Amino acid sequence: MSEHIVIETLEDGIAGLRLARAPVNALTPKLLFGIAEALDGLAAEDDVGAVVLTGTGRSLSAGMDLKELLGFDLADQTAMVDGLNTCYATAYEFPKPLITAANGHAIAGGLFFVLVGDYRVVSKRALLGLTEVRVGVSFPVVASALACHELGANAARRIMLSGENVTAAEALALGFVDEVVAPDDVAARALAMARQYRAIPPQTYASVKAQVRGDVVAGYRKALTAGDPALDGWFNDETLPAATALLAAATGKG
C-alpha cells in the first residue's frame, strides 16, 4: 500500500482513510492502487462498520500532477488508466458505508472521491470539477460511467464538457453533494453521518447498495471486458500541448 495513505481509527467501528500526498494529494498509479488495496482490506475487517474518506491539507485531491503527466510514456498512460479504473470501481462497489469528507478542492480525478461516496460532506471553500477536457484526455471507462450517473445528465453536461470548476454551493444546488459546511466542521459532520450509516444492518446495507448501483457497475464491467481504449494509449495529439498550456496558466507562466 502507498505510503501516502493513512488508515486510522476515528472511533469504535469507524475507520478513516486519509490521502496524504502533499501538497494536494495528486494521483499516481501507486496511490490509486494503494487506495483500492486499503479499501479491500477495510471491507474484510469485521470490526469496521463504516469508513470516512478524506484528504490531508487544503485538497481532498486535485487530480493528477500535470508536471508528472507531461513526462508520461505509453506504459505510464496505461498504468494510470488501469489505476483510475481499479480505484474508482473498488470504491464505488465498497460494500460498507463510505462517507466522503471533502476537506478542500476535489478536481479532475479527485472529484471521483466525492462521487463514490454514499454521503458527501464538502467544505464551503472547496472547488469541484472535471478538467479532463481542458487537459486533452478523455475519461477512462469507470470514470465516465460514474460521472454520467452520479452527476446527473444536466450537471454532467455542464461539468464534463466545460472543464470548469464549480463552488461547493453550486455543487449542492446541482445535487451531487449532500452537505456544505464550514471547513472546520467537515470532519465532525462526516463522522456524525458515519455513525448514522453504521447503525444500519450491514448485510442489508451491502445488498441495497449493490441494488442501487448495480446497473452502473454492470455497465462498466461489460465495457472493461471489451477493453478500455485508453489502455492502448490515453493521450492524443492534443494532450501534451493542452496540458502544457493549462499548467502554464495555473503557474502564471503562460
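Colleague: Are W234 and F235 buried or exposed?

Modeller: Keep in mind this is a predicted model. In it, W234 is buried, and F235 is buried too.

Colleague: And how are the rings of W234 and F235 arranged?

Modeller: A pair of aromatic rings is described by the distance of the centres and the angle of the planes. For W234 and F235, the centres sit 6.2 Å apart and the planes are at 35 degrees, so we call the pair tilted.

Colleague: What about G233, where is that?

Modeller: G233 lies in the loop between α10 and α11. G233 is partly exposed, at a relative accessible area of 25%.

Colleague: What does G233 touch, apart from its neighbours within four places in sequence?

Modeller: L74 and Q77. L74 is 159 residues away from G233 in sequence, yet their C-alphas are 6.1 Å apart in space.

Colleague: New topic: at what angle do α6 and α10 pack?

Modeller: About 155 degrees, with the axes 9 Å apart. Angles over 145 count as roughly antiparallel, so that's what α6 is to α10. The crossing is right-handed.

Colleague: Which residues make that contact?

Modeller: From α6 they include V141, V142 and L146, and from α10 they include R213, V216 and Y220.

Colleague: How many of the contact residues are nonpolar, polar and charged?

Modeller: Eight are nonpolar, one is polar and two are charged.

Conventions:
Residues numbered from 1 in each chain as written. Predicted model: local features only at pLDDT ≥ 70, side-chain atom pairs only at ≥ 80, totals over all residues. Heavy atoms only, no water. Axes fitted to C-alpha atoms, helices over the stretch in contact; angles between N-to-C directions. Helix = DSSP H or I, 4+ residues; strand = E, 2+ residues; numbered from the N terminus. Parallel < 35°, antiparallel > 145°, perpendicular 65-115°, else oblique. Left-handed = near helix turned anticlockwise from the far one by under 90°. Contact = heavy atoms within 4.5 Å. Nonpolar A, V, L, I, M, F, W, Y, C, P; charged D, E, K, R; others polar. Buried < 20%, exposed > 50% of the residue type's maximum accessible area, 1.4 Å probe, protein only. Phe/Tyr/Trp six-rings, centres within 6.5 Å; stacked < 30°, edge-to-face > 60°.
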